[in-house]
Amino acid sequence: NQQLAVVFQPIVDLYDNNKMVGAEALVRWPQPGEQAIGPDVFVPLAEELGLINPMGAWVFENACQTLKYWNDSLGQRLWMSVNVSPRQLQDPSLASQLEAITLNAGLTPSQIKLEITESGLIEQFDQVAQLLNELSNCGFQLALDDFGTGHSSLSRLIHLPFNILKVDRAFVSDSPDGPGAAVVTSLSSLATSLNLETVGEGVETAAQETFLRQHNYRFAQGYRYARPLNAEDFLEKLDKQRNA
């Protein structure tokens, strides 16, 4: 009933003065006069009720249309990251569906990064691997999200067509002085060896940002740069960046 909303958290380039280069699309369920219901509550419910596929398609279409609007408005070429739930990965037609939505929005799949959580790879691995290859062949970039929090076999993961490794906020927030910093460091080395780009999630402090940059993390996102914004506020922030 059009009660959901999509907001966008900036992703910045640590190698280019924290320039905004992309966004992660995040779905929310606003409640007038009350705190919004988080996706940790309604996404599992949508999966249980069999609504996750149409909801995921709606979020994806909204994200593509928003990206087209931003790029046309400012003449830039940003990218959009969109989460794909484990249940969506069970749909063998997902690649063709997402490709059609992307092209209909006037974009190319190379402008979209699909975020796959490590937990989504555990069940039906062979089927998921085939689907990920189909998505990659369409031209989508694939990001392994929340890496280090699941239980997937590393020997299997290295054979999947991922382009980006997103390091979970639990490890970033523990940096530079906590035990999680060792995970941030080791995952940087792993990503370099596998020729993957790296994104540090949940950055809130200058010290965390400096630590990521020192360990060759190219991209970052978190409250240090912005909380999730609606499409118009994001565009305004982009415009200010361009004119700075």
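A salt bridge is a side-chain nitrogen of Lys or Arg within 4 Å of a carboxyl oxygen of Asp or Glu. The legends below describe close-up views of a predicted model.

**View 1. A salt bridge joins Glu 24 to Lys 166.** The side chains of these two residues approach each other with a nitrogen-to-oxygen distance of 3.3 Å. Because Glu 24 belongs to strand β2 (residues 19–31) and Lys 166 to strand β7 (residues 164–167), the contact ties together parts of the chain that are 142 residues apart in sequence. Glu 24 has a relative accessibility of 6% and counts as buried, and Lys 166, at 1%, counts as buried too. The two residues also take part in a network of salt bridges, in which Glu 24, Glu 115, Lys 166 and Glu 201 are linked. In the structure as a whole there are nine salt bridges.

**View 2. Asp 13 and Arg 218 form a salt bridge.** Here the closest N and O atoms are 2.9 Å apart. The pair links distant parts of the chain, since Asp 13 is found in strand β1 (residues 5–13) and Arg 218 in the loop between α8 (206–214) and β9, with 205 residues separating them. Asp 13 is buried, with a relative accessible area of 5%, whereas Arg 218 counts as partly exposed at 25% relative accessibility.

**View 3. Arg 224 meets Glu 209 in a salt bridge.** The closest N and O atoms of this pair lie 2.8 Å apart. Arg 224 is placed in the loop between β9 and α9 (231–243), while Glu 209 is in helix α8, and the two are 15 residues apart. With a relative accessible area of 37%, Arg 224 is partly exposed, but Glu 209 counts as buried at 6% relative accessibility.

**View 4. Phe 60 and Phe 140 form an aromatic pair, one of five that a search of the whole structure finds.** Phe 60 sits in helix α2 (residues 52–74) and Phe 140 in the loop between α4 (125–138) and β6 (141–147), so the pair ties together parts that are 80 residues apart in sequence. Phe 60 counts as buried at 2% relative accessibility, and Phe 140 is likewise buried, with a relative accessible area of 2%.

**View 5. Trp 79 and Phe 219 form an edge-to-face aromatic pair.** The distance from centre to centre is 5.0 Å, and the angle between the planes is 85°. Trp 79 lies in strand β4 (residues 79–84) and Phe 219 in strand β9 (residues 219–220), so that this pair links distant parts of the chain, 140 residues apart. Both counts of accessibility are given here: Trp 79 is buried at 13%, and Phe 219 is buried at 9%. Trp 79 has a further neighbour in Lys 113, which lies over the face of the tryptophan at 4.4 Å from the ring centre.

**View 6. The charged end of Arg 227 sits over the ring of Tyr 223.** The distance from this charged end to the centre of the tyrosine ring is 3.9 Å.

**View 7. Three aromatic residues gather in one cluster.** The members of this aromatic cluster are Phe 8, Trp 70 and Phe 234.

Technical notes:
Residues are numbered from 1 along each chain as its sequence is written. This is a predicted model: local features need pLDDT of at least 70, side-chain atom pairs count only at pLDDT 80 or more; totals for chains, interfaces and linings use all residues. Side-chain values use heavy atoms; hydrogens and water are left out. Rings of Phe, Tyr and Trp (its six-membered ring) pair if their centres lie within 6.5 Å; planes under 30 degrees apart count as stacked, over 60 as edge-to-face and the rest as tilted. Helices (H or I, at least four residues) and strands (E, at least two) are DSSP runs, numbered from the N terminus. Buried means under 20% relative accessible area, exposed over 50%, partly exposed in between (1.4 Å probe, protein chains only). A charge sits over a ring if NZ of Lys or CZ of Arg is within 6 Å of the ring centre and within 35 degrees of the ring normal.
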